[in-house]
Amino acid sequence: MWISLRMAPLLRARITEDDALQETLLHAFRSVHTFVDGGEGSFRRWLFTLAENQIKDLHRYHAAQRRHPGREKPSPTGDERDMLARLSAGMTSPSSRARRREAANRLRDGIDALPEPERSVLLMRSFEELTFREIGERIETGETTATALYARAIVLLKRSLR
């Protein structure tokens, strides 16, 4: 889900989250020799950085295409994957799956709608599990600012989900 949240809606119209993940893992496999162990969590941070850069590269590539991605529909491959996921869920009712899918879509849309600094801080804290000090260093502000941006993101997200 982290990759889907990092992808712009126009990019999600062109490729699936699984495609972006596969590209990231392939790149990680090819460049694992560049990884430098910096202690606990460094491999995870390295993978998240690779994923973030891969998403940016994919966005640049697809934005450069002549056809505007906003006019495209999601690929049937994604629909087929959704169908397989629904079939494999088996034990839950269709209405339960629909509610979960709707809630996940609402959450993703709510996160997409957040202003950029708040959105980035929320994703770094929630998915990358960075500390506020690490987030502050990454966005070149202090720990207090990172904490305030996270709190504001939570408030805005709760408000949009009501």
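A residue counts as buried when its relative accessible area is under 20%, as exposed when that value is over 50%, and as partly exposed in between (1.4 Å probe, protein chains only). Glu 52 counts as buried, because its relative accessibility is 18%. This charged residue lies in helix α4. Leaving out residues up to four places away in sequence, Glu 52 touches Trp 2 and Arg 6; contact means heavy atoms within 4.5 Å.

The model is predicted: local features need pLDDT of at least 70, side-chain atom pairs count only at pLDDT 80 or more, and totals for chains, interfaces and linings use all residues. Residues are numbered from 1 along each chain as its sequence is written, and side-chain values use heavy atoms, with hydrogens and water left out.

Now the overall fold. The chain has 9 helices and 0 strands. Helices (H or I, at least four residues) and strands (E, at least two) are DSSP runs, numbered from the N terminus. Of the 162 residues, 30% are buried. Take the contacts between residues at least 6 apart in sequence: 62% of them join residues at least 24 apart. The chain exposes about 10,700 Å², and carbon and sulfur atoms supply 56% of that area. The areas come from the Shrake-Rupley method with a 1.4 Å probe; for residues, only the protein chains shown count as cover.

Next, the interior. In soluble globular proteins, nonpolar side chains tend to be buried together. A nonpolar core is a set of buried Ala, Val, Leu, Ile, Met, Phe, Trp, Tyr and Cys residues joined through side-chain atoms within 4.5 Å. The largest such core here has 18 residues, and Trp 2 and Met 7 touch the most other members. Helices α1, α4, α7 (116-126) and α9 (143-161) each supply at least two residues of this core. The largest share, 4 residues, comes from α4. A second, separate core holds 7 residues, including Val 121, Met 124, Ile 135 and Leu 149.

Neighbours within four places in sequence aside, Met 7 is in contact with Arg 12, Ile 15, Thr 16, Glu 17, Ala 20, Ile 55 and Arg 119.

Arg 119 leads on to α7. The buried residues of this helix are Glu 118, Arg 119, Ser 120, Val 121, Leu 122, Leu 123 and Met 124. Their cover includes α1, α6 (94-112), α8 and α9.

Asp 112 is found in α6. Asp 112 is partly exposed, with a relative accessible area of 22%. Its contacts, not counting residues up to four places away in sequence, are Leu 5, Pro 9, Arg 12 and Arg 119. The C-alpha atoms of Asp 112 and Ala 8 are separated by 7.9 Å, though the two are 104 residues apart along the chain.

Now the second largest pocket. Its volume is about 170 Å³. Of its 11 lining residues, Ile 3, Leu 21, Leu 47, Phe 48 and Ala 51 are the closest to the centre. Helices α1 (2-6), α3 (17-31) and α4 (42-64) each give two or more residues to the lining. By type, the lining divides into 8 nonpolar, 1 polar and 2 charged residues.

Last, a backbone detail. Most residues other than glycine have a negative phi. Glu 140 has a positive phi, near 60 degrees. Glu 140 is found in the loop between α8 (132-138) and α9. With a relative accessible area of 73%, Glu 140 is exposed.

Key. 1 Å grid on protein atoms, 1.4 Å probe; cavity = no way out; pocket = protein on both sides within 12 Å on 5 of 7 lines; lining within 4 Å. Points joined across faces, edges and corners; volume = space filled by probe spheres on them.
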